[in-house]
Amino acid sequence: MAYRKRAVRIEPAAPGNADVLRALSSGPLLTREELEQTTWANHDRYGFWGVSVSVAIDAGIRHQLLADRLARFEWVARFSAEDLRSGGVTLLPTGARPHHDLVTLTLSANPDRNETGSGRPGGPGPSSAAQCA
Amino acid sequence: MIHIDLPADLSFEDDAGQLLAKVPPSGPPAAGAVLVAGTPTAWTWAIVTDIDDGWVRFRQVSAREAARHGTLVAP
């Protein structure tokens, strides 16, 4: 599979109090199924496991996102950058601002997936740690 | 329940900020097509910008704009 190179912006890391926002696709909870689907899509296109989010580094950007791009969604998950980092997640500034990818340097621990290498039904499983083009 | 033409994560976008989804099993839509993208709980009217090697690039539009480009009634 030919992966596309993902643009990574060179910019200061988002401050710890930045809001990390993601429109939820399946209701009020960020479900495992939703995370799996979106990380697989990101992997299939860009070759690394990532979850698309928008990062608001100040109230103005947050207001703009909620009034525009995220306005039509019933549910939006909100995290702080600091909380995500303390959980071992990296915020990678990818694509067009304020888009970021949430990435981890190792795959989540799922013994069945790692042993069988078949994370997706009918497809090959993840075989390496997250990487960025 | 609403019929989804193009299953998509409406947060997933390319480097230009355009929304992306894999070509659905039903086949690729035509460029310029008006469709419903997303999931049954988070969907949007959309217009297909182009098809790129198994991926659909599209933009989110209002119902008003969608109606200017095609019918909003399923055949």
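## Briefing on a predicted two-chain model

Of the 75 residues in chain B, 32% are buried (20 or more other C-beta atoms within 10 Å of the residue's own, with C-beta atoms placed from the backbone; 12 or fewer counts as exposed, and in between as partly exposed). This is a predicted model, in which local features need pLDDT of at least 70 and side-chain atom pairs count only at pLDDT 80 or more, while totals for chains, interfaces and linings use all residues. Residues are numbered from 1 along each chain as its sequence is written, and chains are lettered from A and ligands numbered from 1 in the order in which they are written.

**Chain B: overall form**

- Chain B has one helix and five strands (DSSP runs numbered from the N terminus: helices are H or I with at least four residues, strands are E with at least two).
- Starting at the N terminus, these elements follow the order β-β-β-β-β-α.
- The radius of gyration of chain B is 11 Å, which agrees with the value near 11 Å that a compact globule of 75 residues would have (taken over C-alpha atoms; the rule is 2.2 Å times the number of residues to the power 0.38).
- Along the principal axes, the C-alpha atoms of chain B fill a box of roughly 30 × 25 × 20 Å.
- Of the contacts in chain B between residues at least 6 apart in sequence, 44% join residues at least 24 apart (a contact means C-beta atoms, placed from the backbone, within 7 Å).

**Nonpolar cores**

- In soluble globular proteins, nonpolar side chains tend to be buried together.
- The largest nonpolar core here has 21 residues, and those with the most contacts inside it include Leu6(B), Leu35(B), Ala42(B) and Phe58(B) (a core is a set of buried Ala, Val, Leu, Ile, Met, Phe, Trp, Tyr and Cys residues joined through C-beta atoms within 7 Å).
- Strands E2 (19-22), E3 (34-39), E4 (42-52) and E5 (55-61) of chain B each give two or more residues to this core, and E4(B) gives the most, with six residues.
- Ala8(B) is also among the residues with the most contacts inside this core; leaving aside neighbours within four places in sequence, Ala8(B) is in contact with Leu19(B), Ala21(B), Ala37(B) and Gly38(B).
- A second, separate core has 14 residues, including Ala14(A), Trp49(A), Ala56(A) and Leu102(A).

**Where the chains meet**

- On the chain B side, 17 residues are in contact with 20 residues of chain A.
- E2, E3 and E4 of chain B each supply at least two residues of the side that touches chain A.
- That side of chain B has six nonpolar, six polar and five charged residues (Ala, Val, Leu, Ile, Met, Phe, Trp, Tyr, Cys and Pro count as nonpolar, Asp, Glu, Lys and Arg as charged, and the others, Gly among them, as polar).

**Chain A: elements and sheet**

- Chain A contains four helices and five strands, running β-α-β-α-β-α-β-β-α from the N terminus on.
- Of its 133 residues, 27% of chain A count as buried.
- For contacts in chain A between residues at least 6 apart in sequence, 68% join residues at least 24 apart.
- Five strands of chain A form an open antiparallel sheet in the order E3-E1-E2-E5-E4 (two strands pair if DSSP finds at least two bridges between them).
- The edge strands, E3 (76-80) and E4 (90-92) of chain A, each pair on one side only.
- Strand E1 (residues 19-23) of chain A is joined to E3(A) by five bridges, and Arg22(A) has Ala77(A) as its bridge partner in E3(A).
- Helix H2 (residues 59-67) of chain A lies across E1 and strand E2 (51-56) of chain A, at about 130 degrees to E2(A) (axes are lines fitted to C-alpha atoms, for helices over the stretch in contact, with angles from 0 to 180 degrees between N-to-C directions).

Key: Contact = placed C-beta atoms within 7 Å.
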